[in-house]
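Please look at the sequence and the structure shown here, and follow how the parts of the chain are arranged in relation to one another.

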Amino acid sequence: MKIFPGMHYTMGGLWVDFKQATNIPGIFSAGECEYQYHGANRLGANSLVSCIFGGFVAGPAAVQYARNVAAASSNGHFEAERKHQEENNAILMKSEGTENPFKLWRELGELMTKNCTVIRYNKNLQETDAKLVELLERFRQINLSDRSNWANTTIVFARQLYNMLQLSRVIAQGAAMRDESRGAHYKPDFPERDDKNWLKTTKATFAPDADEPRFEFEPVDVSLIRPRARRY
Ligand SMILES: Cc1cc2nc3c(=O)[nH]c(=O)nc-3n(C[C@H](O)[C@H](O)[C@H](O)COP(=O)(O)OP(=O)(O)OC[C@H]3O[C@@H](n4cnc5c(N)ncnc54)[C@H](O)[C@@H]3O)c2cc1C
């Protein structure tokens, strides 16, 4: 069996504030699923620090939030989202295309493993993003092998595949923007870390109107500890 720790090469997750709160009120995040320490999370056990320390902060913060929040009177968001998701499911269930979601997933995995792991070239990253747009087009021609309404794992898989395709665009585009080498990512064309221009966190939001990610950058606060070169 071939095992490959693909998640090792992406270094990202949900944005959180100092209380581990995401930008969705009431949702807290800690560990692998949050953005952790500005991209250097795997090296030297920072991920384990993140899940342990982040968990210690997120747990009590979530309890405090729940205790202080007023009982939710329905604002319609939940029902609107449920309707939206049911519509998405119906589109997938009815789709009569020719694309097999498992094959698309395999192609996605091969593409990302080839171009978006440790060593990265801008040309390959840009080609990857173009290919991802193609895969998203093909996703719209999907055909589910199971259309039952009970224990249907194929539709769950297809929904996750769509999310993976969108997230892969964040990874490829975000990597292409950063002309430097940092943490576990190495660009042979830009072998040095560039703190002058890139000591900042890449933040992506999904723009549903454009059906693609939008990017902004957040400076990293280094006022307490100045960054040093990693020589080991
Ligand atoms: C090969 C490898 C080597 C690593 N080496 C290092 C290292 O040297 N140093 C370091 O610091 N870090 C390292 N890491 C990273 C570190 O191990 C992880 O960041 C850390 O274990 C994440 O812990 P977590 O609790 O946040 O997430 P996870 O350990 O991923 O836990 C998430 C849990 O949620 C469960 N789950 C998922 N979906 C659902 C659902 N819908 N409902 C209920 N449960 C669900 C999963 O089954 C899982 O048990 C490494 C990771 C890998 C893969």
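Helices H3 and H4 run roughly antiparallel to each other, a term used here for angles over 145 degrees, because their axes cross at roughly 170°. The axes of H3 (residues 101–115) and H4 (residues 122–139) come within 10 Å, where an axis is a line fitted to C-alpha atoms over the stretch in contact and the angle, from 0 to 180 degrees, is taken between N-to-C directions. On the H3 side the contact is made by Leu104, Glu107, Leu108, Leu111 and Asn115, and on the H4 side by Asn124, Leu125, Thr128, Lys131, Leu135, Arg138 and Phe139, contact requiring C-beta atoms, placed from the backbone, to lie within 7 Å. By class this contact has six nonpolar, three polar and three charged residues, with Ala, Val, Leu, Ile, Met, Phe, Trp, Tyr, Cys and Pro counted as nonpolar, Asp, Glu, Lys and Arg as charged, and the others, Gly among them, as polar.

The model is predicted, so local features need pLDDT of at least 70 and side-chain atom pairs count only at pLDDT 80 or more, whereas totals for chains, interfaces and linings use all residues. Residues are numbered from 1 along each chain as its sequence is written.

The chain comes to six helices and two strands, in the order α-α-α-α-α-α-β-β; these are DSSP runs numbered from the N terminus, helices being H or I of at least four residues and strands E of at least two. Strand E1 (residues 200–207) pairs with strand E2 (residues 212–219) in the antiparallel sense over eight bridges, where pairing requires at least two DSSP bridges. Lys203 stands opposite Glu216 in E2, and in the hairpin, which has four residues between the strands, Asp211 takes a positive phi near 55°.

An automatic or database assignment divides the chain into domain 1 (1–69) and domain 2 (97–232), whose centres, taken over C-alpha atoms, are separated by 18 Å.

Conventions
Parallel < 35°, antiparallel > 145°, perpendicular 65-115°, else oblique. Contact = placed C-beta atoms within 7 Å.
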